[in-house]
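Student: Could we go through this model together, one question at a time?

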Amino acid sequence: MNPELIEKITRLIVEKLQAQNPPGGGGAANSVAPSASAVKFWDHTSSSEPKNISRPALNVSDAKVEEGQGRIEFGNYSESNSVRKKESAVKKEEQRTEAIYPASGVENPFDPEELKNLISKTPSRIGVGRAGSRPKTDTWLKFRFDHAAAVDAVYGDVNEELLKRLDLFKVSTKVRDKEVYIRRPDLGRKLSDEAKQMISEKCRKAPTVQIIVSDGLSSSAVEENVEDVYLSLQQSLKSLGLDSGTPFYIEKGRVAVMDDVGEALLPKVVVLLIGERPGLVSAESLSAYLCFEPRKGTIEADRMVISNIHKGGIPPVEAGAYLGTVIQKILKYEASGVSLVQKEG
Amino acid sequence: MFNNSLNSKAHRHFRIEVIIIKRYEPQKEDILSAGIDIGTSTTKLVISKFSLMNMAGGMHMPRIEIINKEVLYRSPIYRTPLRTTTTIDMEAVETIVREEYAKAGIEAKDIQTGAVIITGETATKQNAEETIHSLSDHAGEFLVATAGPDLEGIIAAKGSGAYEYSKKTGKVIANIDIGGGTANVAVYKAGKLCGTCTLHIGGRLIEFAGNQIKSVSPPIKKLLQQWGPSSAAKEGDSRHVTVIQKLTDFMAAVIARMLNRELLESDKPLLLGHEPDWQEDIEVIMFSGGISECIYKYETGAAGTAQYDDIGEMLAASLRESKELSLWKWVKPFETVRATVLGAGTQTTEISGATIHVESNELPLRNLPVYQIPFGQVLQDGLKRMPEAITQALEIYDPQREGQNFALYLTEMPYLGFRDIQELAAVILSSIQAKPNHQQPLVIVLESDHAKVLGQTLKVQNPSGSIICIDQIRVEHGDYIDIGHLLQTSVVPVVIKTLTFHH
Ligand code: B12
């Protein structure tokens, strides 16, 4: 069956289920957000009640980094577009909040307060109740829905508009097809010949820091978060006085593709912003993999990663600011990963 | 944590070195905390060691937490040195502190956090403020809390074990800390503060000299007046007048009515400040403070527990025998007379988030009032309110424009993208132009995890300004905060002083 049809049917069923439940009647029916995207926010830093984490439209075009100043300049910012986006964002948020803080599905809980407390501590599907020995229908549908979103994230492509906005040119690995990408991780670790040539022509050689972006296993992760991480990281590098090379985008890349980039451009540190394998909590979580002088034959233990960067995890802007400090540390010890830990003593 | 601006290359180089030394290595560190409690009758001190550790593991974003607190040293309990009935003997207090530090084998400069707290009636002594300031200069460059009665109750409940008990059992517990001058009550349910109340009930409200009454405190005088001429008890009367037993029994009954939130008009002379402000029914009660010591005798044999010439023992007896109070389950405290000092020494410090932006030369900062600006999840609304809010903060905290600094506490932030952060920083910088002293550090506390990027952005937009931007600390509008030195784990200790309790 095609994915759109599945989604349509799921929505219909969920809407029907909700219509049966009187509004405000509590119960787990609320936990399903019919038209919500499958992204949920999980606020790991606070133990408080659900907060509305809404995302005002970010519409930056032609972000430009002004030399020497550390300021990141923005291009045109379209007002009307932003308003429209915001309205739909607010609506989405309401649904999202419900999706991640579902009312408990347990009927007559022994200790409702404590149950609420436990549910607030994890995005996992706990306290969802059951029907006999099975999950309730809406719990099950939501699970399927999240799973479908995860699949979508893997198979999607990153919006060209975004790449243009961030001024990232695009190259590919040795895979063209997503199916092949899934089955042949080794090919996703190699730049295509054209890619090698293109980056050699376009990129500044031997920069201190080379930033690259890749869809990896989640194009949604890149679409949703890379802009904020990237701009904040740029600012952080500027503030710290670290120069960075010409950034670009690698389609269908794997983490170790940075080794080919290292060979071609000879940077001191590579930062690769790449989509993580989607989970059922978030399909749009981004990772930043870092490595000191990645080259052919670099071992995995010499890489390091800051993971879980998304709106409900580490805030993308904060992650970007923090990455600068990590890079500084890598440069100081001239090592990353396990070697860095060893040198640090 | 980027200290200077980026103007020259040479500068840049220097800067990076400095940051690196400060910033990285430790995943773990110990800090020392001091607690000093100067109460109406007694003064005591504790030294504790906090172990901080990065709980997130080496390669994650760091998350520093206090994983252990160990009390290293407890002083004997001293009689609070007073010069006259209305002034604290500052030198004598300092001598006690110096000698106790020596006994504990530590120096003032080793202390990184903690609190001096002047409690009960002592807090109203003429030179209380002065004492605190002078102590904070000699006892260590640490953090200082002058407590209002609400905070006192809260700190005592944390030191006595009541807070822990509620957290463990989920029950509603009232901790009743009775010292020489006041009874400070804090109610907790499942680790959450429900409310507070303070009464003029304490051991030293009537003092004796030999067989005679030496002094009767003003609220008691007022109460006795209300009871009529047959209930007189004044200076010079025999200590055996029956009205004293009647008085302590009455105090026990008032405590019970207060716990039930049913204070009578005739009880009001004993009420200090607001009425009980919790909504919950109290399930269990715990007594701490000097009077609790009279009940439980944990410290018997220890130095400084001599008989005091006051109504303390009688009050303890009245509490023990009170029918009304026997209706609740009594839970024994971990600490009696030391509850407050332990609370002050071990429970007042919080640790900031680990990705923050501070400029070390500005720290520590003391007694910054907090002005909260809630964004209501909409960035533009918050930004629009910002200039107005800062003018208001100035009106409240620095009406004469003398340069009293304050901390901005930004809450209910929506999701913030990079552009939003830029806009936020710009609006903050333009709004604080209203402040009279532009050299002052700009202090921002964020509820959400954005301190590093906001601090960095403010610095980029205003390279010459001095910026302290910390996060993951929960404060309230009107609280006062102290921010300590930057620790090796890149966090700062923060002491939050809740002077009044709001729901
Ligand atoms: C899949 C996965 C694995 C798989 C990778 C299989 C493969 N060859 O593709 C296996 C099971 C081998 C694995 C192993 C480990 N993993 Co792992 N892994 C993940 C997971 C679930 C998804 C990663 C992903 O999406 N990558 C993106 C795609 C595009 O990358 P890829 O090129 O296909 O695959 C590479 C990366 O996945 C990378 N990788 C995977 N894990 C780790 C961990 C570290 C520290 C590094 C540097 C690289 C790395 O190695 C793969 C080969 O190059 C993440 C969870 C998350 N939220 O990210 C945890 C995660 C990245 N792993 C983690 C850990 C701790 C490890 C181990 C150190 C566990 C251990 N104690 O042995 C090892 C180290 C592996 C290494 N390369 O050095 C942590 C990292 C925490 C941190 N920030 O330091 C994460 C975040 C899980 C977590 N929440 O704790 N992992």
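Tutor: Let us start with a term: a residue is buried when its relative accessible area is under 20%, exposed when over 50%, and partly exposed in between, with a 1.4 Å probe and protein chains only. This is a predicted model, where local features need pLDDT of at least 70, side-chain atom pairs count only at pLDDT 80 or more, and totals for chains, interfaces and linings use all residues. Residues are numbered from 1 along each chain as its sequence is written, chains are lettered from A and ligands numbered from 1 in the order in which they are written, and side-chain values use heavy atoms, leaving out hydrogens and water.

Student: Is A:Ser192 buried or exposed?
Tutor: Find A:Ser192 in the loop between α7 (185-188) and α8 (193-202) of chain A. Helices here are DSSP runs of H or I with at least four residues, strands are runs of E with at least two, and both are numbered from the N terminus. The relative accessibility of A:Ser192 is 7%, and therefore A:Ser192 counts as buried.

Student: Which residues does A:Ser192 touch, leaving out those up to four places away in sequence?
Tutor: A contact means heavy atoms within 4.5 Å. By that rule, and without residues up to four places away in sequence, the partners of A:Ser192 are A:Ser172, A:Thr173, A:Lys174 and A:Arg176.

Student: What percentage of chain B is buried?
Tutor: Chain B has 13 helices and 22 strands. Of its 503 residues, the buried share is 61%.

Student: How are α11(A) and α13(B) arranged relative to each other?
Tutor: Two packed helices are described by the angle between their axes and the distance between the axes. Here helix α11 (residues 316-333) of chain A packs against helix α13 (residues 451-461) of chain B, with axes 7 Å apart and an angle of about 75 degrees. The axes are lines fitted to C-alpha atoms over the stretch in contact, and angles run from 0 to 180 degrees between N-to-C directions. Angles under 35 degrees count as roughly parallel, over 145 as roughly antiparallel, 65 to 115 as roughly perpendicular and the rest as oblique, so α11(A) and α13(B) are roughly perpendicular.

Student: Which residues of α13(B) meet α11(A)?
Tutor: From α11(A) come A:Val317, A:Glu318, A:Ala321, A:Tyr322 and A:Thr325. Facing them in α13(B) are B:Ala451, B:Lys452, B:Val453 and B:Gln456.

Student: How many residues of strand β8 of chain B are buried?
Tutor: In a regular strand the side chains alternate between the two faces of the sheet. On one side of β8(B), B:Val172, B:Ala174, B:Ile176 and B:Ile178 are buried, and on the other B:Ile173, B:Asn175 and B:Asp177 are buried too. For β8(B) (residues 172-178), the count is seven of its seven residues.

Student: How far apart in space are B:Ala252 and B:Val495?
Tutor: B:Ala252 lies in helix α7 (residues 242-259) of chain B and is buried, with a relative accessible area of 1%. In sequence, B:Ala252 and B:Val495 are 243 residues apart. In space, from C-alpha to C-alpha, their separation is 34 Å.
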